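The sequence and the structure are shown below.

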Amino acid sequence: MNSSFEFLNSIGDVSEDLFRELQEISELKKIPSGTQVVKLHEVPNKVYLLVSGVIRCYLCSESGKEYNKSFYFSTSFMGSLTALVKNKPSAFVFESITECELYEVDFGKLMELYQSNDVLKTFYSKVLEMTYIQYEKRLVDLISLDATGRYLELKKQNPDIDSLVSQYHIASYLGITPVQLSRIRKKIGGD
């Protein structure tokens, strides 16, 4: 059975017919490391299901400094949701850190299908709930944990993070410098 079909069914009851309809508005792509899937100030029209690889989402300051907002790993949904919903330019960049395989889904066609399919409405709602819960947890971690605690929480969620993502990107995500991250890793026995 298709692993993407199994993943979708782990979230909601997706029939084979609905899965086929979703495949019709999707394109499976392989992209190399360093590919910007969503560019800064681009008005996006796609949403993505990451099948394999790692993608980062980051914000770029006026001075050019990058701040990693999130990482996406295998079997996760991603997209610049605010930009998609409001049909506005994206404030974020989504860039592959590794070679990736992903489904690129036409958001307009997804919303057309959504209007006529109650199962998809329920599924979409569950995905939004999952996304909000992850976002809320990230905010709580940022507010309540020190840098070491944030790193340990990231390692708990993604045990292979250090082999998948560069120290520079991990440090940016944690809101610290690479030197601080190196000290944390040394202190807890990670180096």
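Which residues lie nearest the centre of the second largest pocket? In this predicted model, they are Lys 65, Tyr 67, Ala 171, Ser 172 and Ile 176, and the lining comprises 13 residues. The space inside the second largest pocket is about 180 Å³. Two elements, strand E5 (66–72) and helix H8 (167–174), each contribute at least two residues to the lining. H8 provides the largest share of the lining, four residues. Sorted by class, the lining consists of six nonpolar, four polar and three charged residues.

**Helix H9**

Helix H9 spans residues 178–187, and Leu 181, Ile 184 and Arg 185 are buried in it. These residues are on the same side of H9, because they cover an arc of only 95° around the axis. The other side of H9 carries Arg 183, Lys 186 and Lys 187, which are exposed. The cover over the buried residues of H9 includes helix H6 (147–157), helix H7 (161–164) and H8. Just after H9, Gly 189 adopts a positive phi of about 85°.

**Nonpolar cores**

In soluble globular proteins, nonpolar side chains tend to be buried together.

| Core | Size | Residues named |
|---|---|---|
| Largest nonpolar core | 23 residues | Most contacts inside it: Leu 8, Val 14, Leu 22, Phe 107, Leu 110, Leu 120 and Phe 123 |

With neighbours within four places in sequence set aside, Phe 107 is in contact with Asn 45, Lys 46, Val 47, Leu 84, Val 85 and Tyr 124.

**The loop residue Asn 87**

Asn 87 is located in the loop between helix H3 (81–86) and strand E7 (93–96). Is Asn 87 buried or exposed? Asn 87 counts as exposed because its relative accessibility is 56%, and the cut-off for that class is over 50%. Beyond its neighbours within four places in sequence, Asn 87 is in contact with Val 43 and Thr 82. Val 43 and Asn 87 are 44 residues apart in sequence, yet the C-alpha to C-alpha distance is 6.3 Å.

Terms used. Residues are numbered from 1 along each chain as its sequence is written. This is a predicted model: local features need pLDDT of at least 70, side-chain atom pairs count only at pLDDT 80 or more; totals for chains, interfaces and linings use all residues. Side-chain values use heavy atoms; hydrogens and water are left out. On a 1 Å grid over the protein atoms alone, a cavity is a set of points where a 1.4 Å probe fits but cannot get out, and a pocket is an open set with protein on both sides within 12 Å along at least five of seven lines; lining residues have an atom within 4 Å of a point. Grid points are joined across faces, edges and corners, and a volume is the space filled by probe spheres set on the points. Ala, Val, Leu, Ile, Met, Phe, Trp, Tyr, Cys and Pro count as nonpolar, Asp, Glu, Lys and Arg as charged, and the others, Gly among them, as polar. Buried means under 20% relative accessible area, exposed over 50%, partly exposed in between (1.4 Å probe, protein chains only). The arc is that of the directions from the helix axis to the C-beta atoms. Contact means heavy atoms within 4.5 Å. A nonpolar core is a set of buried Ala, Val, Leu, Ile, Met, Phe, Trp, Tyr and Cys residues joined through side-chain atoms within 4.5 Å.
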